[in-house]
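This report covers helix packing and aromatic contacts. Please keep the sequence and the 3D view open while reading.

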Amino acid sequence: VDCISRTFRNEGVRSFWRGNFASVVRYFPQQALNFAFKDEIQKLFKIKKNASYKEKFSKNILSGGCAGSLSLVFVQSIDYTRTRLGVDAKNGGKRQFNGILDVYAKTIRSDGILGLYRGFWVSCSCIFIYRGLYFGLFDSLKPLVLSDTSRWFETFLLGWAVTIFSGLAAYPIDTLKRRMMMTAGQQVKYSSSWACLKEVVAREGYASLYRGAGVNIVRGVAGAGV
């Protein structure tokens, strides 16, 4: 609530949607690639109809995690621009970036192409955990708790529960990913994700790793619908 009131007071209503276009641009190819890669990777794992629940569960998680990691290769730079634009508050009445292309131009000018992929490996770990649990839990739990006669909102509730659990499991790593992205173009950068974790915990405590998780749960309604 404090974040909403301050943002509205200082920057107006439009600031809540800053970086939204980059988010939309990222979302469609990412979702399409996730599902496409997952289906192909599941074929490679060759899950038999008579396979044990443990085997199905583990292979569903692995296929989902691998699919998410592969899709990240294509959308990481867009995710980076979304993050930078979303937190680009007015500083002395002027923002750092004017739009998506400006983020690309200034980052490449200061850090090169690699600047767009800063925090990639921690992002990869984050998406592997999130998508692995997201697809793995849903595909594994759906036959157990739902039937052909289940109504749409029962499927939605299962999807939301899975989205919440997956999001909370991966959220600390997502926090580190965003912190590392924010150092692109800066003189002082984290030497590694481990160094970032130690510094964040030392300065702000473990609870800071889950700062904003409540908003993420509310946002998960859309992910559950998909």
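Rings of Phe, Tyr and Trp (its six-membered ring) pair if their centres lie within 6.5 Å; planes under 30 degrees apart count as stacked, over 60 as edge-to-face and the rest as tilted. The model is predicted, so local features need pLDDT of at least 70 and side-chain atom pairs count only at pLDDT 80 or more, while totals for chains, interfaces and linings use all residues. Residues are numbered from 1 along each chain as its sequence is written, and side-chain values use heavy atoms, with hydrogens and water left out.

## Aromatic contacts

Phe-35, Tyr-130, Tyr-134 and Phe-135 form one aromatic cluster. Tyr-134 also has a charged neighbour: Arg-131 lies over its face, at 5.0 Å from the ring centre. Such a charge counts if NZ of Lys or CZ of Arg is within 6 Å of the ring centre and within 35 degrees of the ring normal.

The structure holds nine aromatic pairs. One of them joins Trp-152 and Phe-153, and this pair is edge-to-face. The ring centres are 6.2 Å apart, with 85 degrees between the planes.

Are these two residues buried or exposed? Trp-152 is exposed, at a relative accessible area of 68%. Phe-153 is partly exposed, at 34%.

## Helix packing

Two packed helices are described by the angle between their axes and the distance between the axes. Axes are lines fitted to C-alpha atoms, for helices over the stretch in contact, and angles run from 0 to 180 degrees between N-to-C directions. Helices (H or I, at least four residues) are DSSP runs, numbered from the N terminus.

| Helix pair | Axis distance | Axis angle |
|---|---|---|
| α2 (residues 20-45) and α3 | within 7 Å | roughly 155 degrees |
| α3 (residues 53-86) and α5 (residues 120-145) | within 6 Å | roughly 140 degrees |
| α5 and α6 (residues 152-181) | 8 Å | about 170 degrees |

Take α2 and α3. Their axes cross at roughly 155 degrees, which makes α2 roughly antiparallel to α3. The crossing is right-handed. A crossing is left-handed if the near helix is turned anticlockwise from the far one by less than a right angle, and right-handed if clockwise. The contact of α2 with α3 has 14 nonpolar, nine polar and five charged residues. Here Ala, Val, Leu, Ile, Met, Phe, Trp, Tyr, Cys and Pro count as nonpolar, Asp, Glu, Lys and Arg as charged, and the others, Gly among them, as polar.

Next come α3 and α5. At roughly 140 degrees, α3 and α5 are oblique to each other. Their crossing is right-handed. Their contact divides into 16 nonpolar, ten polar and three charged residues.

Last, α5 and α6. The angle is about 170 degrees, so α5 is roughly antiparallel to α6. This contact has 19 nonpolar, seven polar and three charged residues.

Lys-43 lies in α2. Lys-43 is exposed, at 55% relative accessibility. Its C-alpha atom is 45 Å from that of Ala-202, 159 residues apart along the chain.

Thr-81 sits in α3. Thr-81 is buried, at 0% relative accessibility.

Ser-123 belongs to α5. Ser-123 is buried, at 2% relative accessibility. From Ser-123 to Phe-135, twelve residues apart along the chain, the C-alpha separation is 18 Å.

Technical notes. Buried means under 20% relative accessible area, exposed over 50%, partly exposed in between (1.4 Å probe, protein chains only). Helices (H or I, at least four residues) and strands (E, at least two) are DSSP runs, numbered from the N terminus. Angles under 35 degrees count as roughly parallel, over 145 as roughly antiparallel, 65 to 115 as roughly perpendicular and the rest as oblique.
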